[in-house]
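Colleague: I have a model open and would like to learn how to read its features. Could you walk me through it?

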Amino acid sequence: MGTSVQVKPLSGVYNENPLSYLVSVDGFNFLMDCGWNDQFDTSLLEPLSRVAPTVDAVLISHSDTLHLGALPYAMKHLGLSAPVFATEPVYRLGLLTMYDHYLSRKQVSEFELFTLDDIDSAFQNFTRLTYSQNHHLSGKGEGIVIAPHVAGHLLGGTVWKITKDGEDVIYAVDFNHRKERHLNGTVLESFVRPAVLITDAYNALNNQPSRRQRDQEFLDAILTGLRADGNVLLPVDTAGRVLELILILEQCWEQHKLTYPIFFLNYVSSSIIDYVKSFLEWMSDSIAKSFEHTRDNAFLLRHVKLLIHKSELEQVPDGPKVVLASMASLEAGFSHDIFVEWASDTKNLVLFTERGQFATLARMLQSDPPPKAVKVTMSKRVPLVGDELAAYEEEQNRIKKEEALKATLVKEEESKASLGTELITNDPMAIDGGTTHTSSSAVGRRSGAFRDVLIDGFVPPPSSVAPMFPFYDNSPDWDDFGEVINPDDYVIKDVDMDRSLMPLDGDINGKLDEGSASLILDTKPSKVVSTELTVQVKCSLIYMDFEGRSDGRSIKSILGHVVPLKLVLVHGSAEATEHLKQHCLKHVCPHVYAPQIEGTIDVTSDLCAYKVQLSEKLMSNVLFKKLGDYEVAWVDAEVGKTESGMLSLLPLSSPPPPHKTVIVGDIKMADFKQFLASKGIQVEFAGGALRCGEYVTLRKVGDATQKGGGANVQQIILEGPLSDEYYKIREYLHSQFYVL
């Protein structure tokens with residue numbers, strides 16, 4: 001029987017809600033993403049609250065709130081305490097994203113779901129991995145290997161591969177096959193025939209134009225608005241897709257020598273760009289090569305100016321400008337306030353680059369474009385003055401007095417308890433208990449707050465030992481080999497930059513964004529004042545898809561190449577999910593699942609795989625050959641059982657029967673072409689085949705996705721007249737495989 005795998009959706013199935021799924025692999029519980037929406041709706045987390053304490057590990061795929069937004073709240077209130085795994089960019093940019101959301105909410109409401117300290121605490125549980133790095137779990141997860149792979153979509157975005165006993169569970173949501181300015185495409189197509197693939201149907205019904213056409217339409221819309229003497233607002237996420245937009249604008253402004261000002265406005269904008277400058281190895285090949293050859297960092301911005309407070313934007317002279325401001329949903333943040341100010345001017349343009357989350361202002365505007373009137377709430381934090389300030393200070397003083405009184409009472413109770421337990425027993429420095437020179441005044445003083453420091457007047461109570469400085473005996477332990485060594489005493493602990501950068505880290509040296517730091521350090525008493533407004537939306541509204549996700553046609557093509565044994569569909573509208581499910585049942589695999597919230601499905605593979613123990617006698621006669629990450633060998637053996645009942649392979653008692661030759665491995669024609677060229681053979685591609693020398697041709701036929709037997713399995717055909725050249729090329733070809 002194969003590895004046991006169960007999938008239980010907690011959020012994000014048959015709808016576009018945040019992503020969160022419980023995947024159990026042989027009893028080890030993975031929480032795949034821990035997302036929340038921009039409204040921070042706690043009702044969405046009810047399914048998570050019922051399983052959070054049972055989670056053994058959390059795997060995060062992307063750095064936006066839809067994938068990690070609930071982590072601080074879940075760790076503070078729901079009992080989630082498992083280690084979290086992510087790539088370095090997801091960790092860093094996810095941290096800044098949560099800071100931006102918290103500060104945006106705190107400025108317009110009494111936000112108490114979590115604090116900056118809660119965010120810091122949650123992100124201290126992270127273990128950061130690099131792409132393709134195999135991480136072996138221990139303890140309950142012994143034998144399970146996890147590895148992140150390139151997903152595209154966002155910087156550091158991850159396709160997670162979970163391996164147990166040779167079977168792969170792939171979690172691939174929000175991936176992008178297209179190569180972009182700052183990101184490579186996903187490597188999902190490199191996985192063939194995994195036991196289970198969990199993927200989303202979010203874009204199953206959408207098809208996208210070419211990247212060149214889309215970018216040109218994007219720039220044309222912005223320049224049209226600017227040349228009409230209007231302002232352009234782009235509501236964007238904090239640290240995700242906005243990076244691609246920044247590079248597009250930088251490139252266009254540089255190429256056309258434009259002078260219109262561009263501003264990137266959120267509470268952590270300078271921190272984001274400082275970090276992104278150091279993440280070049282996580283970006284596209286073109287950016288990495290450009291830096292290697294010219295030392296030119298793509299994110300040394302020449303045209304985009306970074307702002308961390310709206311007051312800086314208000315100081316900019318009047319005139320056409322482009323502003324990229326968070327949040328993309330328009331629910332809070334600078335984008336909300338700027339939209340309210342600019343919406344009534346017909347010259348202005350609001351350009352959406354992603355679909356708004358359900359039930360948000362952005363989604364409402366996209367589904368029902370203007371002209372129209374919308375009701376919005378404008379809130380701001382103002383300092384307390386007059387009677388309100390006096391009442392606040394009086395309340396704070398009362399609270400401080402109560403806390404001081406409580407601390408004094410606790411101290412006295414601890415002091416009484418410590419005096420009651422101090423006995424004079426066989427202590428050479430103890431004062432004779434029979435000597436009593438106490439007075440009522442001395443006793444009164446001894447019962448005071450200084451009892452734990454010294455005994456007043458050096459007059460000991462009957463039940464006390466003499467005052468001493470504390471002494472701890474750290475004598476070493478010894479064993480048969482000498483002193484026992486504690487490895488922790490010799491570990492050089494890295495200075496954790498994360499902590500020095502936690503309160504809105506501004507750059508790699510730990511400097512704070514000045515404006516962001518002032519928000520944290522500002523302890524002046526304040527309150528939130530809200531007003532209801534009706535905004536006449538007369539500006540232009542345009543939506544263009546810059547979400548960085550594969551479209552429906554590409555998703556179907558990729559799934560047809562991966563051909564998993566079992567497929568689980570999540571995250572997408574009911575219509576999109578059912579459409580993709582029916583397509584996959586016909587063209588991908590017969591086992592396709594689309595579970596409901598909290599509905600557990602069993603996707604254990606039907607492979608006849610067993611764990612066996614190889615006897616030492618058998619192993620001594622087996623020759624292994626390394627093939628990629630594995631070692632393979634042909635074994636003829638008899639099946640027996642060990643004393644513990646485990647299956648065991650034993651040497652045959654009679655000579656082994658002959659078997660057909662088995663060729664193990666795969667070959668890429670491009671790699672084989674380079675190999676033959678290195679051997680001095682003239683080689684070139686012609687008509688879909690590899691022409692070797694003058695007369696020999698090599699070609700692949702059949703379907704690469706078909707494994708095992710079958711009429712359509714992929715084959716390699718070598719054609720040509722029998723000659724020395726033919727035999728030499730055949731020998732080189734055989735050298736690329738392992739023959740069993």
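This is a predicted model: local features need pLDDT of at least 70, side-chain atom pairs count only at pLDDT 80 or more; totals for chains, interfaces and linings use all residues.

**Reading the sheet, the rings and the core**

Colleague: Which strand is joined to strand 15 by four bridges, and how do the two run?

Modeller: Strand 13, residues 262-265, is joined to strand 15, residues 322-325, by four bridges, and the two run parallel.

Colleague: What is the strand order in the open sheet?

Modeller: The six strands follow the order 14-13-15-12-16-21, with parallel pairing. Strand 14 (304-307) and strand 21 (540-543) stand at the edges with a single partner strand each, so one side of each lacks a neighbour in the sheet. On average, neighbouring strands here are turned by 20 degrees against each other, direction ignored.

Colleague: Which strands does helix 7 lie across?

Modeller: Helix 7 (residues 242-256) lies across strand 12 (232-235), strand 13, strand 14 and strand 15, and runs at about 165 degrees to strand 15. Helix 8 (residues 269-277) lies across strand 13 and strand 14, at about 125 degrees to strand 14.

Colleague: Which residues touch the most other members of the largest nonpolar core?

Modeller: Phe218 and Leu324 do, in a core of 110 residues. Leaving aside residues up to four places away in sequence, Leu324 touches residues including Val242, Leu245, Ile246 and Leu249, as well as Ile262, Phe263, Phe264 and Leu265. Another core, of 30 residues, lies apart from the largest one, with Leu19, Tyr21, Ile162 and Val169 among them.

Colleague: Now the rings. How many aromatic pairs does the structure hold?

Modeller: There are 19 aromatic pairs. For Phe672 and Phe675, the ring centres are 6.1 Å apart and the planes are at 15 degrees, so this pair is stacked. To classify such a pair, look at the plane angle: under 30 degrees counts as stacked.

Colleague: Where do Phe672 and Phe675 sit in helix 20 relative to each other?

Modeller: Phe672 and Phe675 are three residues apart in helix 20 (residues 669-678), which means about one helical turn separates them.

Colleague: Is Phe672 buried or exposed?

Modeller: Phe672 is buried, at 1% relative accessible area, while Phe675 is partly exposed at 23%.

Colleague: Which residues form one aromatic cluster?

Modeller: Trp36, Phe40, Tyr73, Tyr102, Phe111 and Phe114 do.

Colleague: And which ring faces have an arginine over them?

Modeller: Arg128 lies over the face of Tyr91, 4.0 Å from the ring centre. Arg214 lies over the face of Phe546, at 4.1 Å from the ring centre.

Note on methods
Residues are numbered from 1 along each chain as its sequence is written. Side-chain values use heavy atoms; hydrogens and water are left out. Two strands pair if DSSP finds at least two bridges between them. Axes are lines fitted to C-alpha atoms, for helices over the stretch in contact, and angles run from 0 to 180 degrees between N-to-C directions. Contact means heavy atoms within 4.5 Å. Rings of Phe, Tyr and Trp (its six-membered ring) pair if their centres lie within 6.5 Å; planes under 30 degrees apart count as stacked, over 60 as edge-to-face and the rest as tilted. Buried means under 20% relative accessible area, exposed over 50%, partly exposed in between (1.4 Å probe, protein chains only). A charge sits over a ring if NZ of Lys or CZ of Arg is within 6 Å of the ring centre and within 35 degrees of the ring normal. A nonpolar core is a set of buried Ala, Val, Leu, Ile, Met, Phe, Trp, Tyr and Cys residues joined through side-chain atoms within 4.5 Å.
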